[in-house]
Structures are given as structure tokens and as C-alpha cells.
Amino acid sequence: MISIDKSCFIGAGLHRHVYVHPDNPDYCIKIVVKGDDSESKREQSYYRHLQHRDISWKMLPRFIGNEETDLGNGAIFELVRDADSNISHTLEYYLNSPELTAANATGIVHALRELEEYLLSNRVITMTLKPKNIMYQRISSNSGCLVIIDNIGNSDLLPLANYCRPIAKMKIARKWQRFIQSMRTEYADSRPLQECLDRL
């Protein structure tokens, strides 16, 4: 059993808390703290589907496995870190500051273009794309990569998009447009972000 150091807390979602793995700083552990583990089971089932398809993991952290902890069952994933080894911040962190958005505009625009292409080419289905569920991994002072860390998977009763390329691409394209529009609306007062989105 793994003992979790609560000082290694990284962040929290609706149902899970995330900690740095105590034995490997390149991994994190997601632990259910509210509700059941249905979200984790759905997520892991979809990860196994992606592993079977042998996709690129450039913009998704790899799922490592499950381990029991003193706080409950933990799902272990790769931890997203910047080039300087610091834990990456979410895209939301950058977008909440017009100054940070402006300073990283070139990198954010390029990373958004790459993420859209990545999702389409690898046919990765997401529940909902939100800036708080996407890390901006800084590669250099003016470049970075977006990595989706949550809300991966397909909740459709008949998940046809998992197996049919045209349906998958249509679904991904719709969700991407909603994502872009949601950022336009939520950050309507951020001129740097609006200019970034205009460049896509």
C-alpha cells in the first residue's frame, strides 16, 4: 500500500484528488474522494481502447495502472512537467491572466493548432474540452504543448465514434468548435486570447 503525502497535493476535480506519486516524481495518482469510481472505470476502459490502437501519447498522459493507497484506490498516470521539471500549469492558469496569455500567445496558438490535429489524427474522444482539464507544458520560453489530463472517453450508449473514423472525426470537430466558442465567451474581456483565437 502506498502512503500519500498530503503536501504533494497537485489539484482536484469534481470527484478526485491528484497527488505526486511518492515513489516516482514523474507519475501522479488520482484518488476518488467523492462518489463512486465509475468515472475512473470509464476513463481507464477508454485508455485501454487507445492503447490497443497504439496511438501517439504526445498530448495524453499514459495510464500506468492502479495501486491501493491509504486514501483509497489510486489510478496512476504520467505527470506533466515543463522542460525545467516544474509541474505544468493548466491552460486555464494562463488564460486567467491577460498578461500571461499575451506573453505566451505564439506558443498557445501553435499548441491549440497541434492539439486539434492530434485529436483528429488519433481519433481521441473527449467528454468536454475545458481549459482547466488541459495542461500547457512549456517546452521553451515561447513554445509549449497542450496535454489533456481529464474528461477523456466516450459516454455514448452506443460508442460508434470509437470504431468508425468518419463519425469520430465529426464528433471531435463538433466538440472542438464548442471548446473554441466557450473560450471566446468565457474570456470575452481578454483581448490577448481573442486575438489568439482569431489566428487559429
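Tyr94 is buried (under 20% relative accessible area; exposed is over 50%, partly exposed in between, with a 1.4 Å probe and protein chains only), at a relative accessible area of 4%. Tyr93 is partly exposed, at 39%.

This is a predicted model, where local features need pLDDT of at least 70, side-chain atom pairs count only at pLDDT 80 or more, and totals for chains, interfaces and linings use all residues. Residues are numbered from 1 along each chain as its sequence is written, and side-chain values use heavy atoms, with hydrogens and water left out.

**Aromatic pairs**

Rings of Phe, Tyr and Trp (its six-membered ring) pair if their centres lie within 6.5 Å; planes under 30 degrees apart are stacked, over 60 edge-to-face, the rest tilted. The count comes to 8 aromatic pairs. Two of them are tabulated here.

| Pair | Centre to centre | Plane angle | Class |
|---|---|---|---|
| Tyr47 and Phe63 | 6.3 Å | 50° | tilted |
| Tyr93 and Tyr94 | 5.3 Å | 90° | edge-to-face |

Tyr47 lies in helix H1 (residues 38–53) and Phe63 in strand E4 (residues 63–69), so their pair ties together parts 16 residues apart in sequence. Helices (H or I, at least four residues) and strands (E, at least two) are DSSP runs, numbered from the N terminus. Both Tyr47 and Phe63 are buried. Ring pairs link Tyr47, Trp57, Phe63 and Phe77 into a cluster.

**Strands**

Strands pair if DSSP finds at least two bridges between them. E7 (residues 134–140) pairs antiparallel with E6 (residues 89–90) over 2 bridges. Thr90 stands opposite Met135 in E7. E7 also pairs antiparallel with E8 (residues 143–148), over 6 bridges. A hairpin of 2 residues joins E7 to E8. Ser140 stands opposite Ser143 in E8.
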